[in-house]
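Trainee: I'm new to this one, and I'd like to know where the labels come from. Can we go through them together?

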Amino acid sequence: GVEGGEQQVGEAEAAAAAAEAAEEEIPSQAEVAKISRMQSIDPQDLPMTYSTNSEEEKLVLEYVENFRRQFVQLYPERKELLLCPRNECGVEKFICTSIRPTQLEYNELYDLQACATFVAEHIQYEALADPVVLPMYVPSPTSVLQWQIGDCIDKSIVLASLLIGVGYDAYVVIGYADQTTCLADETKSELPAANANGKGMRNGSVREGGGDDEK
């Protein structure tokens, strides 16, 4: 009777662990739209590297998984790391390989501010359903540019890819900010104060040479 009870308990624990793992694989609401876009892609239209991993990539994934396990053991209270999300083909890729240095033919985009403006205006921002949960899928910059829509991580990777492609030392840093910052909500911001020339100047702005903001 005791052995049977222990076996039932063991099976129950295993079932609970399996259910918990399955819940972790359930995509968030925001990723449902992304998955729908991914399903519209024919993998044959993409390079083979999108749907497969080379032996070197497989080895890197093993190293990354080993690092992840050590990180969890050493820092159990820290939030999980975004290391190996799936791409638009559903293949796990080391997040660093998602950045693809790209040099477009438009010289205007070689400027930092112009490139950032292009990404901000050309790619529609799609907010994460849960801002503190890392995405399961991170598509390539190529697909994000084609879709013209992406979340904060997607847009950051596109921007870094374009900047690195023209020589900038660019990085993607993942962190947390309040909702007002993430959504660029300026509804409660003070209006720019008018200077002597009648031109607006934002509070706290820094200007060089004491000139007007607009020339």
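This is a predicted model: local features need pLDDT of at least 70, side-chain atom pairs count only at pLDDT 80 or more; totals for chains, interfaces and linings use all residues.

Trainee: Why do you say that the Lys 93 and Glu 57 pair ties parts together?

Mentor: Lys 93 lies in the loop between α4 (55-74) and α5 (112-122) while Glu 57 is in helix α4, so the pair ties together parts that are 36 residues apart in sequence. By the way, helices (H or I, at least four residues) and strands (E, at least two) are DSSP runs, numbered from the N terminus.

Trainee: Why is Lys 93 called buried, and Glu 57 partly exposed?

Mentor: Buried means under 20% relative accessible area, exposed means over 50%, and partly exposed is in between (1.4 Å probe, protein chains only). Lys 93 has 8%, so buried is the word. Glu 57 has 24%, so partly exposed is the word there.

Trainee: Which partners does Glu 65 have in salt bridges?

Mentor: Glu 65 pairs with Arg 68, the closest N and O atoms being 2.8 Å apart, and with Arg 69 at 3.5 Å. Glu 65 and Arg 68 are three residues apart in helix α4, about one turn. Glu 65 and Arg 69 are four residues apart in that helix, also about one helical turn.

Trainee: What makes the link between Lys 34 and Asp 151 a polar contact?

Mentor: A polar contact is a pair of N or O atoms within 3.5 Å; within protein, one must be able to donate a hydrogen and the other to accept it, and residues adjacent in sequence count only if both atoms are side-chain atoms. The side chains of Lys 34 and Asp 151 are joined at 2.9 Å. Lys 34, Asp 151 and Asp 154 are also linked in a network of salt bridges. Lys 34 lies in helix α2, and at 1% relative accessibility Lys 34 counts as buried.

Trainee: Where is Arg 37, and which side chain makes a polar contact with the side chain of Arg 37?

Mentor: Arg 37 lies in helix α2 (residues 29-39). The partner is the side chain of Glu 126, at 3.0 Å. Arg 37 has a relative accessible area of 14%, so Arg 37 is buried.

Trainee: How do you know that Cys 84 is in no disulfide?

Mentor: A disulfide is a pair of cysteine sulfur atoms within 2.5 Å, and by this rule the count comes to zero. For Cys 84, the nearest cysteine sulfur, that of Cys 96, is 9.2 Å away. Cys 84 has a relative accessible area of 22%, so Cys 84 is partly exposed.

Notes
Residues are numbered from 1 along each chain as its sequence is written. Side-chain values use heavy atoms; hydrogens and water are left out. A salt bridge is a side-chain nitrogen of Lys or Arg within 4 Å of a carboxyl oxygen of Asp or Glu.
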